[in-house]
Amino acid sequence: MKQREEIERDMRYLHLLAQSFPNIAAASKEIINLQAILNLPKGTEHFLADLHGAYEAFQHVLKNASGNIKRKVNEIFGNELRENEKRELCTLIYYPDQKLELVKQEESDIDDWYRTTIHQLVRVCREVSSKYTRSKVRKTLPADFSYIIQELLHERTDDIDKAAYIRGIIDAIISTGRADDFIISISSVIHRLAIDKLHILGDIFDRGPGAHLILDMIKHYENWDIQWGNHDILWMGAGAGNDACICNVIRLSLRYGNLATLEEGYGINLVPLATFAMETYADDPCTEFMPKTNGGAETMDEKNARLTAQMHKAIAVLQFKIENQIFERHPKWGMTDRSLFRNIDFENGTCTIDGKAYPMTSCLFPTVDPADPNALTEEEEKLMSRLHHSFIISEKLQKHIRMLLSHGCMYSIVNHNLLFHAAVPLNDDGTPKEVLLYKDRKYSGRELMHQTGLLIRTAFQQDSDTEEREYARDYFLYLWCGPDSLLFNKSKMATFERYFLTDKETHHEEKGAYFKLRDDANIIEGILDAFGVSGKNRHIINGHVPVHAASGENPIKAGGKLMVIDGGFSQAYHATTGIAGYTLVYHSRGFELVQHEPFTSTEDAILRGTDIKSTMQIVEMSTHRMLVSDTDKGEEIKNQVMDLKKLLYAYRHGYIKEKQ
């Protein structure tokens, strides 16, 4: 009786389902397929955070699957191959195009090398594809070689009857001149199958030169997501037309002497800024604004460094003015005290903060009117208009922002793990803190993250309410530097003070309660409860704050409930962290943390077979090998099976007629 009531209630849905499975045979076949999938091993998830434009290192980590491909090669070939032969095979898998060119220059019998190598690659591909269905593997295969790779993967060379068949396939690949294309294709398949799902916990942008290249690379991965970081939000805000975000993006690029992403990646025209800066700050040494050399400016000559410093100061002053206008436009944010141009005593060269006057390193502000310090000059207005236009019309930047919107959010709950970039605002006692979002609406915890994500998307939707869309555009600045921001969570961003005030007391940025309390397992458990994260082995995984591994700081906190995986991919952070990034790997046996040492270069990896030296640390192992049935995907499949069984009932009891 109950089943009939459920069938009658779900008839509209079942009629839709029947369009995909028109008869008992089709529905039964799908049930059998889905129940079989539930018994496959769980796919391998890779978690990375704070890439900061380190394209070459990120590319290598993906290509070697955080060391997993090297481990597979060692397991498969053992003593069958010498160490240098295994290293050469790994390099070929990582960089097939470039490695093939070197091999063809060195090998005297290239056809023999092709035969041996293709057999080896097929064995590696067979191993990494073993935990997937044939259907999933087939969808990964390139169209040109799909049938051939399937035949090679599912036939064994020790089968005497098939040995000649396989040999014939490989000989034909070589004789038709397709061996290079085949090797490149099967290497790409190995990369994709070695990582089932990629989670990026924020901050693709800034510091390093290759954020646009990272996004170009991951768009080819079918199964990836991102939890937006503060630097991602800054660029998204710039793309949405927030002028303060535009200024911040340019300032950070100039600060680290790294304009590749702006100019080469997105075609942002900085000539108007350079012209304005040279004229406005011709007599200013701009000492405070000389570029940082650890972000890629080592080769910058004196003339370029001087111009960069002038541009840096010009955009910083413009940034402070526009930020202050936004802060004063939204007094409920409680950030009007950051309008520091109003606190400058231009005659005495001091700035007053919290009632105390501090001497400034310099007080040369030719575009600042003491009577109205936040007003832009006519030249600054024209400059800002041109920069704004350059960001809005950048087709590639807008395309990448759409990628971030379609694959991203403020947080995710995946397989009993809560993922977010930085923080959950808390009160001092560890309870969720209510934060003002729009008008008088206040939220905390999960609802705050959810509503913030919706507000971010509002900035890009033309059908949104105009007032709310304009507010959403401004709110990118709060997310970047607001005290209760999910992505900042500090008392202030002391950018002005670090440039102009030598007293280190003014540079201090007091961390929010989340960062002070995150070592407490009870606090972390409370957050997991508030977000509805279930499961015995549940965790928070995030990044944002670099882990000082060289000083002995442990990325595993709160009794194993919190994993902070910002290990500093970008070269700019290597001195701080002492390492070059983490990958957290979650496979069917449990969690492993991979700690990476600095990557030399792609060229060195190809020529000398160098790999990133990585140290594996077991974080948490499961008491049983986890299957698809233990995952979120497994729950979805179980629900699909239940729905299909209802459809079978409907067919068998005449509620819906079968179709041939």
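Visitor: Does Ser-185 count as buried or exposed, and at what relative accessibility?

Guide: Buried means under 20% relative accessible area, exposed means over 50%, and partly exposed lies in between, with a 1.4 Å probe and protein chains only. Ser-185 has 15% relative accessibility and therefore counts as buried. Please keep in mind that this is a predicted model, in which local features need pLDDT of at least 70 and side-chain atom pairs count only at pLDDT 80 or more, while totals for chains, interfaces and linings use all residues. Residues are numbered from 1 along each chain as its sequence is written, and side-chain values use heavy atoms, with hydrogens and water left out.

Visitor: In which helix does Ser-185 lie, and which residues is Ser-185 in contact with, leaving aside its neighbours within four places in sequence?

Guide: Helices are DSSP runs of H or I with at least four residues, strands are runs of E with at least two, and both are numbered from the N terminus. Ser-185 belongs to helix α12, residues 179-194. Contact means heavy atoms within 4.5 Å, and, once neighbours within four places in sequence are set aside, Ser-185 is in contact with Pro-142 and Phe-145.

Visitor: Where does Glu-222 lie, and does Glu-222 count as buried or exposed?

Guide: Glu-222 is found in the loop between α13 (211-218) and β3 (224-227), and because its relative accessibility is 74%, Glu-222 counts as exposed. Glu-222 and Thr-140 are 82 residues apart in sequence, and their C-alpha atoms are 9.1 Å apart in space.

Visitor: How are two packed helices described?

Guide: They are described by the angle between their axes and the distance between the axes. Axes are lines fitted to C-alpha atoms, for helices over the stretch in contact, and angles run from 0 to 180 degrees between N-to-C directions. Angles under 35 degrees count as roughly parallel, those over 145 as roughly antiparallel, those from 65 to 115 as roughly perpendicular, and the rest as oblique. Helix α7 (residues 96-106) packs with helix α8 (residues 110-128) at an angle of about 140°, their axes being 10 Å apart, and α7 is therefore oblique to α8. The contact is made by Leu-100, Val-103 and Lys-104 of α7 together with Ile-110, Trp-113 and Tyr-114 of α8.

Visitor: At roughly what angle do the axes of α2 and α28 cross?

Guide: The axes of helix α2 (residues 11-20) and helix α28 (residues 632-652) cross at roughly 95° and come within 10 Å, so α2 and α28 are roughly perpendicular to each other. Among the residues that meet are Tyr-13 and Leu-14 in α2 and Asp-643 and Leu-644 in α28.

Visitor: In what order do the three strands of the open sheet with β4 stand?

Guide: Two strands pair if DSSP finds at least two bridges between them. The three strands form an open sheet in the order β4-β5-β6, with antiparallel pairing. β4 (344-345) and β6 (356-359) stand at the edges, each with a single partner strand, so one side of each is left without a neighbour in the sheet. Two bridges join β4 to β5 (residues 350-353), and Asp-345 stands opposite Thr-350 in β5.

Visitor: Which residue takes a positive phi in the hairpin of β10 and β11?

Guide: Lys-439 takes a positive phi near 55° in this hairpin, which has two residues between the strands. Strands β10 (residues 435-438) and β11 (residues 441-443) pair in the antiparallel sense over three bridges, with Val-435 opposite Tyr-443 in β11.
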